[in-house]
Amino acid sequence: MFKFADFHCDTLQNICLGQDFSSSNQTGHLDLPRLLAANYIFQCFAAFFDPALGQEAALRQTLRLLNTARESIFSLPGVRWVKAAGDIQAAKDGELMALLSIEGADFIGTDLFLLELVHNMGVRLITLTWNGRNSLGDGVRAGSGGLSNIGYKAVKAMEDLSIIVDVSHLAEMGFWDVCSAANKPFVASHSNAWTICPHPRNLKDEQIREISRAGGLIGMNLCPPFIAEDREGQSLPALVRHMSHIAAVGSVDILCLGADLDGIEELPQEMEDVRDIAKLPGLMEAAGFSPKEIQAVCAGNLLRFLQENLE
Ligand SMILES: [Zn+2]
């Protein structure tokens, strides 16, 4: 029986709108009972807001989301809040380990001390941009600019605080700026392979090689348009082709799940909610992954990375 760990979901937004994470829901892609039923041992929860509202609103909304996360997810019985490597070692069977992240650093503006504030609130990963531009750099839909001076300083400050740098959504030039600035492994928490599906949110082969060289991770995204261009091809077997490609170009050791559940409108054809992730191991086996590799991709690589990179 395979265990699962996932690097990105947007369920916190549903919880802010009133969904009870502790009970089974008919709506949304996941909640605690469904995660545990699906044999999940780890989930990262992202705080995401609409960046178009500007920095002041972004800061206020980010703090509200982080507070809701603490109250409604991370303080529940059966949830173990992962802030340090030791929290993973201390986890017990039947618990859900959970990491808190922020998707889009628009809340920072030019105030880098806010990184320390959100670190104190338990945040251990920040996705530098969403699709638009913020003070750190350009997202994939904003243009082709790289990191700003604040962006470079933010990467350094995050590394000093042991907050993981996430390059998903970042424009390609910013990606290469992170490569030159980073002294620690960084991740693309929810992005697929551009060679398999040429979507701007996916990673080109040289980016995959660089993440592999840097000892980072790539989380596989279930967003149908990131899997294939035509609806027919937006399937779990097609997602496995992304995995095989990344394993061949980089390494199987950099693969994990970053499914983007509750952040995407539609799922691949075979899926209704998180419980259908159980179909993935069989498809991976059919594609030539060994049982050991399947367990590494479905959970082991992500937990190993966090043990090595959280303080
Ligand atoms: Zn995203």
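This note sets out numbered points on the fold, core, helices and selected loop residues of a predicted model.

1. Basis of the model. Residues are numbered from 1 along each chain as its sequence is written. Because the model is predicted, local features need pLDDT of at least 70 and side-chain atom pairs count only at pLDDT 80 or more, while totals for chains, interfaces and linings use all residues.

2. Overall fold. The protein contains twelve helices and nine strands (DSSP runs numbered from the N terminus, helices being H or I of at least four residues and strands E of at least two). Its radius of gyration is 18 Å, close to the 19 Å that the globule rule gives for 311 residues, so the protein is as compact as a globular protein of that length. The radius is taken over C-alpha atoms, and the rule is 2.2 Å times the number of residues to the power 0.38. Along the principal axes, the C-alpha atoms fill a box of roughly 50 × 45 × 35 Å.

3. Of the 311 residues, 48% are buried. A residue is buried if 20 or more other C-beta atoms lie within 10 Å of its own, exposed if 12 or fewer, and partly exposed in between, with C-beta atoms placed from the backbone. Among contacts with a separation of 6 or more, 71% join residues 24 or more positions apart; two residues are in contact if their C-beta atoms, placed from the backbone, lie within 7 Å.

4. Largest nonpolar core. This core has 100 residues, and the members touching the most others are Ala 5, Phe 45, Ala 69, Ile 218, Met 243, Leu 255 and Leu 302. A nonpolar core is a set of buried Ala, Val, Leu, Ile, Met, Phe, Trp, Tyr and Cys residues joined through C-beta atoms within 7 Å. In soluble globular proteins, nonpolar side chains tend to be buried together. Beyond its neighbours within four places in sequence, Ala 5 contacts Ile 41, Phe 42, Cys 256, Leu 257, Ala 299, Leu 302 and Leu 303.

5. In H3 (residues 55-74), the buried residues are Ala 58, Thr 62, Leu 65, Leu 66, Ala 69, Ile 73 and Phe 74. Their cover includes helices H1 (11-16) and H5 (113-120), together with strands S2, S3 (79-81), S4 (96-103) and S5. Leu 76, in the loop between H3 and S3, counts as partly exposed because it has 15 C-beta neighbours inside 10 Å. Apart from neighbours within four places in sequence, Leu 76 is in contact with Ser 22 and Leu 32.

6. Phe 48. This residue belongs to strand S2 (residues 40-48) and is buried because 21 other C-beta atoms lie within 10 Å. Outside the four places on either side in sequence, Phe 48 contacts Asp 10, Gln 13, Glu 103 and Gly 104.

7. Helix H8. Gln 207, Ile 208, Ile 211 and Ser 212 are buried in H8 (residues 205-213). They cover an arc of only 140 degrees around the axis, so they lie on the same side of H8; the arc is that of the directions from the helix axis to the C-beta atoms. Elements covering these buried residues include helices H7 (172-181) and H10 (236-249) and strands S7 (187-188) and S8 (217-220). Just after H8, Gly 215 takes a positive phi of about 75 degrees.

8. Helix H12. The 19 residues of H12 (residues 291-309) reach 25 Å from first C-alpha to last, close to the 27 Å expected at 1.5 Å a residue (the expected span being 1.5 Å times one less than the number of residues). H12 bends by about 60 degrees at Val 297, the angle between axes fitted to the seven residues ending there and the seven starting there. Val 297 is itself one of the buried residues of H12, which also include Leu 302 and Phe 305.

9. Most residues other than glycine have a negative phi. Ser 162, in the loop between H6 and strand S6 (164-166), has a positive phi of about 65 degrees. Asp 262, in the loop between strand S9 (255-257) and helix H11 (280-286), also has a positive phi of about 65 degrees. Ser 162 counts as partly exposed because it has 15 C-beta neighbours inside 10 Å, whereas Asp 262, with 24, counts as buried.
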